[in-house]
Amino acid sequence: MAGTNNPAYGTPNWDMIKQWFAMDPKDDTEFWALNLMQYRKVAAYADGSGHPERSGKDADDAYAPLGPLAAVGAIVALHGDVVHQHGGTPNWDRIGIVRYPSRSAFFAMQQREDFQDAHVHKEAGMEFTIVMSTLPVSSTPSQFADTDRLVLVVERGGAGRASTPAVDVIADFDVEGVIVGDERAFDRAWYARVSDDAELQLIVDAASGANEAHIVVIDRAIDNLVDSIVTAPNAKA
């Protein structure tokens, strides 16, 4: 998906996409697109125009479709580089979350000319991405001190919420499904504020019971995550 029917950086989940097209409009409300991103070392443009000095990350910065997102009523809920990863493959470089007002808005953005023009930079810069639709279960505002860290856990299988450690969980989501990625599916994505290595280790230990868990510490360049949940017209969290 994401601007092309055959992206180089992942495989569209056509089964779920077909279900979205068939969705009753009254059920088509907000979803949070969680993007796990891995970049090429050097951007590779398909037309051979070349930007030898441009890294994959630089190309993704050039992509940044803020105009098309705003045009369809979407907002950036979270954006930041990964500073540490404690589980899961591949090693992710950046995390982004966008709240879309509906699946139809997501599809409408794909058709916009300004989005398609920008998308060449994403194709050039992205080695691999998993984009999943997530739906909020709960959220709790939290005050971050300078030394606090935001941790994202994306997991499949295991004890689920029953294994959540005693840390400050600021947002918890069910995974509706993977939009673009590979054959993997996930159940849950949750975000916690940790104040020290001991709290981080509690998360790592708890996630060890999952069939697969990606545990990443994020540098919060943009953090509107909780606000994006509490201000969503139809969110139940």
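Colleague: Let's start with Gly88: what does Gly88 count as, at 28% relative accessibility?

Modeller: Gly88 counts as partly exposed because its relative accessibility is 28%; buried means under 20% relative accessible area, exposed over 50%, and partly exposed in between (1.4 Å probe, protein chains only). Keep in mind that this is a predicted model, where local features need pLDDT of at least 70, side-chain atom pairs count only at pLDDT 80 or more, and totals for chains, interfaces and linings use all residues. Residues are numbered from 1 along each chain as its sequence is written, and side-chain values use heavy atoms, with hydrogens and water left out.

Colleague: Where does Gly88 lie, and which residues is it in contact with, leaving aside neighbours within four places in sequence?

Modeller: Contact means heavy atoms within 4.5 Å. Gly88 lies in the loop between strand 3 and strand 4 (94-100), and its contacts beyond those neighbours are Ala213 and His214. Gly88 and His214 are 126 residues apart in sequence, yet 4.3 Å apart in space, C-alpha to C-alpha. Helices (H or I, at least four residues) and strands (E, at least two) are DSSP runs, numbered from the N terminus.

Colleague: Which way do the residues of strand 9 point?

Modeller: In a regular strand the side chains alternate between the two faces of the sheet. Here, Glu212, His214, Val216 and Ile218 point one way from strand 9, and Ala213, Ile215 and Val217 the other way. Strand 9 (residues 212-218) is mostly covered, with seven of its seven residues buried.

Colleague: How many bridges join strand 3 to strand 9, and how many join strand 6 to strand 9?

Modeller: Two strands pair if DSSP finds at least two bridges between them. Strand 3 (residues 75-87) runs antiparallel to strand 9 and is joined to it by four bridges; His84 has Val217 as its bridge partner there. Strand 6 (residues 149-156) is also antiparallel to strand 9, with seven bridges, and Val154 stands opposite His214.

Colleague: At what angle do helix 4 and helix 5 pack?

Modeller: Axes are lines fitted to C-alpha atoms, for helices over the stretch in contact, and angles run from 0 to 180 degrees between N-to-C directions. Helix 4 (residues 103-111) and helix 5 (residues 113-125) pack at about 70°, with their axes 5 Å apart. That makes helix 4 roughly perpendicular to helix 5; angles under 35 degrees count as roughly parallel, over 145 as roughly antiparallel, 65 to 115 as roughly perpendicular and the rest as oblique. Met109, Gln110 and Gln111 of helix 4 meet Glu113, Phe115 and Gln116 of helix 5 in this contact.
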